[in-house]
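Look at the structure first, then follow the questions.

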Amino acid sequence: QVQLVESGGGLVQAGGSLRLSCSSPGRIFSRSVMGWFRQAPGKQREFVAGISRGGRNTNYADSVKGRFTITRDNAKNTAYLQMNSLKPEDTAIYYCAADSSAIITTFPGSDSGSYEYWGQGTQLIVSS
C-alpha cells in the first residue's frame, strides 16, 4: 500500500508561518500531481493547493491565495506547503494527496476524487 507521509504540523499564533512536508515513494511521486487538502472540525474536506508533475503549474483555493505556496522537490520525492500569514480559520487537519494518473501537462485539479493516494494527515492549530 502506498504511503504518503505528512509532517510539519503544529500550533502557531495567528500571523505566523509554518511549512508542511509530504514524502512519497519515488515511483508514485515522479508521475503524480500532488495536492494538499484540509478538513476543519465539523466541515468537509476542501482543496487547498495543487502542483503539476513538473512543478510548472499550481492551483490554489481562493482562501489561501497569496498566503500559501506549494512546491515540490522531485529529487527528494517531497512536496511542500509553505503557509504564511496564518489565520485561526486555517486550523484543520492537512492531508497530502497524489494523482498518479496525471500526465506531464495535467493541471492540478481541486477535485479530491482525482487523487487516489492519501496521507494520514497532520494537524495545524492557529491560535488567535
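Q: What pattern does the protein follow, read along the sequence?
A: This is a predicted model. Its pattern is β-β-β-α-β-β-β-β-β-β-β-β. That makes 1 helix and 11 strands.

Q: Why does the radius of gyration of the protein agree with that of a compact globule?
A: With 128 residues, a compact globule would come out near 14 Å. The protein has 13 Å, so the value agrees. As for the box, the C-alpha atoms fill roughly 40 × 30 × 25 Å along the principal axes.

Q: What share of the residues in the protein is buried?
A: Buried residues make up 44% of the 128.

Q: Why is Val12 called buried?
A: The cut-off for buried is under 20%. Val12 has a relative accessible area of 13%, so Val12 is buried. Val12 lies in strand β2, residues 10-13.

Q: Which residues is Val12 in contact with, leaving aside neighbours within four places in sequence?
A: Contact means heavy atoms within 4.5 Å. By that rule, Val12 is in contact with Ser17, Leu86, Leu124, Ile125, Val126 and Ser127. Gly109 makes another pair to look at: Val12 and Gly109 are 97 residues apart in sequence and 28 Å apart in space, C-alpha to C-alpha.

Q: What makes Ser21 count as buried?
A: Its relative accessibility is 15%. Buried means under 20%, so Ser21 gets the label. Ser21 lies in strand β3. Beyond residues up to four places away in sequence, Ser21 touches Val5, Glu6, Ser7, Trp36, Thr78, Ala79 and Tyr80.

Q: Why is Asn77 called partly exposed?
A: Partly exposed falls between the buried limit, under 20%, and the exposed limit, over 50%. Asn77 has 21%, so Asn77 is partly exposed. Asn77 lies in the loop between β7 and β8. Its phi is near 55°, a positive value in a residue other than glycine.

Q: Why is Ser85 called partly exposed?
A: The relative accessible area of Ser85 is 42%. That value sits between the limits of 20% and 50%, so the label is partly exposed. Ser85 is found in the loop between β8 and β9. Its phi is positive, about 50°, although Ser85 is not a glycine.

Q: How many residues does the largest nonpolar core have, and which have the most contacts inside it?
A: This core has 35 residues. Trp36, Leu81, Met83 and Tyr94 have the most contacts inside it. Elements giving two or more residues to the core include β3 (18-23), α1 (26-29) and β4 (33-39). The largest share, 5 residues, comes from β9. In soluble globular proteins, nonpolar side chains tend to be buried together.

Q: What share of the contacts with a separation of 6 or more comes from residues 24 or more positions apart?
A: Such residues account for 61% of those contacts in the protein.

Q: How many positive and negative charges does the protein have, and how far apart are their mean positions?
A: There are 13 positive and 9 negative charges. Their mean positions are 5 Å apart.

How values were computed. Residues are numbered from 1 along each chain as its sequence is written. This is a predicted model: local features need pLDDT of at least 70, side-chain atom pairs count only at pLDDT 80 or more; totals for chains, interfaces and linings use all residues. Side-chain values use heavy atoms; hydrogens and water are left out. Helices (H or I, at least four residues) and strands (E, at least two) are DSSP runs, numbered from the N terminus. The radius of gyration is taken over C-alpha atoms; the globule rule is 2.2 Å times the number of residues to the power 0.38. Buried means under 20% relative accessible area, exposed over 50%, partly exposed in between (1.4 Å probe, protein chains only). Lys and Arg count as positive and Asp and Glu as negative; His and the chain ends are not counted. The place of a charge is taken as NZ of Lys, CZ of Arg, CG of Asp or CD of Glu. A nonpolar core is a set of buried Ala, Val, Leu, Ile, Met, Phe, Trp, Tyr and Cys residues joined through side-chain atoms within 4.5 Å.
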